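These are my notebook entries on one chain, written up in the order in which I looked things up.

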Amino acid sequence: MIKLGALLLATLAGLFVILSVWGDGNLRADRRPVPPPQPAALDAGAASPAAPEPQATPAAAVVQAESQTPEQVQRFPGPMLQPSPEYVGETPEPVAVADGPVLYVTGDRVNVRAGPSTGDRVVTSLERGTGVQALGPQDGEWVNVRDADGRTGYVAGRFLSATAP
């Protein structure tokens, strides 16, 4: 351990000697701005000169951002998507629609859960005014619903209303 400390100390001393001999000096001093020259002392009887007028710089032309922003085009690598050979010519079957009443979401953003509890996982979330179909009783604390995409889950009954907001 002592050998390692001695080797480290010798390495640092060597770097110090090399940098002090062949180093470029104080690099920070080279970066300091040069102070402006001071005017010569004025005679006591002479009037003080007027402050120099600032030079007017020409205003740059304002360029609208739309003209500088390139058009964004989404490019997806690879060939165009095509159906699998076993499904060519088939159309998807429509989702069976239940004849339940339509309820509307009254909260700003409401979670649809896999079960009737806040401990169940979130299936999706719905925005205010979204219509859903009730699949079960509507008078409980949780209501089983289906959204427009066919996803089913449970929503707290206090966030549903029969009238659109």
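**Entry 1: the pocket**

Which strand gives the most to the lining of the largest pocket? I found that β2 does, with three residues. Before going further I note that this is a predicted model, in which local features need pLDDT of at least 70 and side-chain atom pairs count only at pLDDT 80 or more, while totals for chains, interfaces and linings use all residues. Residues are numbered from 1 along each chain as its sequence is written, and side-chain values use heavy atoms, with hydrogens and water left out.

I looked up how a pocket is defined: on a 1 Å grid over the protein atoms alone, it is an open set of points where a 1.4 Å probe fits, with protein on both sides within 12 Å along at least five of seven lines, and lining residues have an atom within 4 Å of a point. The volume of the largest pocket is about 160 Å³, a volume being the space filled by probe spheres set on the points, which are joined across faces, edges and corners. Its lining is made by Val110, Asn111, Arg113, Thr118, Glu141, Trp142, Val155, Ala156, Arg158 and Phe159. I sorted this lining into five nonpolar, two polar and three charged residues, where Ala, Val, Leu, Ile, Met, Phe, Trp, Tyr, Cys and Pro count as nonpolar, Asp, Glu, Lys and Arg as charged, and the others, Gly among them, as polar. At least two lining residues come from each of β2 (109-113) and β6 (152-156).

**Entry 2: the whole chain**

I counted three helices and seven strands, taken as DSSP runs numbered from the N terminus (helices H or I, at least four residues; strands E, at least two). Along the sequence the order is α-α-α-β-β-β-β-β-β-β. Of the 165 residues, 13% count as buried; buried means under 20% relative accessible area, exposed over 50%, and partly exposed in between, with a 1.4 Å probe and protein chains only.

I then picked glutamate 141, one of the lining residues, which sits in the loop between β4 (131-134) and β5. Glutamate 141 counts as exposed because its relative accessible area is 61%. Leaving out residues up to four places away in sequence, glutamate 141 touches Val155, Ala156 and Gly157, a contact being heavy atoms within 4.5 Å.

Tyrosine 154 belongs to strand β6, and with a relative accessible area of 25% it is partly exposed. From C-alpha to C-alpha, tyrosine 154 is 5.4 Å from valine 143, although the two are 11 residues apart in sequence. Beyond four places in sequence, the residues that tyrosine 154 touches include Asn111, Arg113, Trp142 and Val143.

Is aspartate 147 buried or exposed? I noted it as buried, because its relative accessibility is 9%. Aspartate 147 is placed in the loop between β5 (142-146) and β6. Its side chain reaches the backbone nitrogen of arginine 151 at 2.8 Å. Apart from neighbours within four places in sequence, aspartate 147 is in contact with Thr124, Leu126 and Val132.

Threonine 124 is buried, with a relative accessible area of 14%. Not counting residues up to four places away, threonine 124 touches Val110, Asn111, Val112, Asp147 and Arg151.

Key: A polar contact is a pair of N or O atoms within 3.5 Å; within protein, one must be able to donate a hydrogen and the other to accept it, and residues adjacent in sequence count only if both atoms are side-chain atoms.
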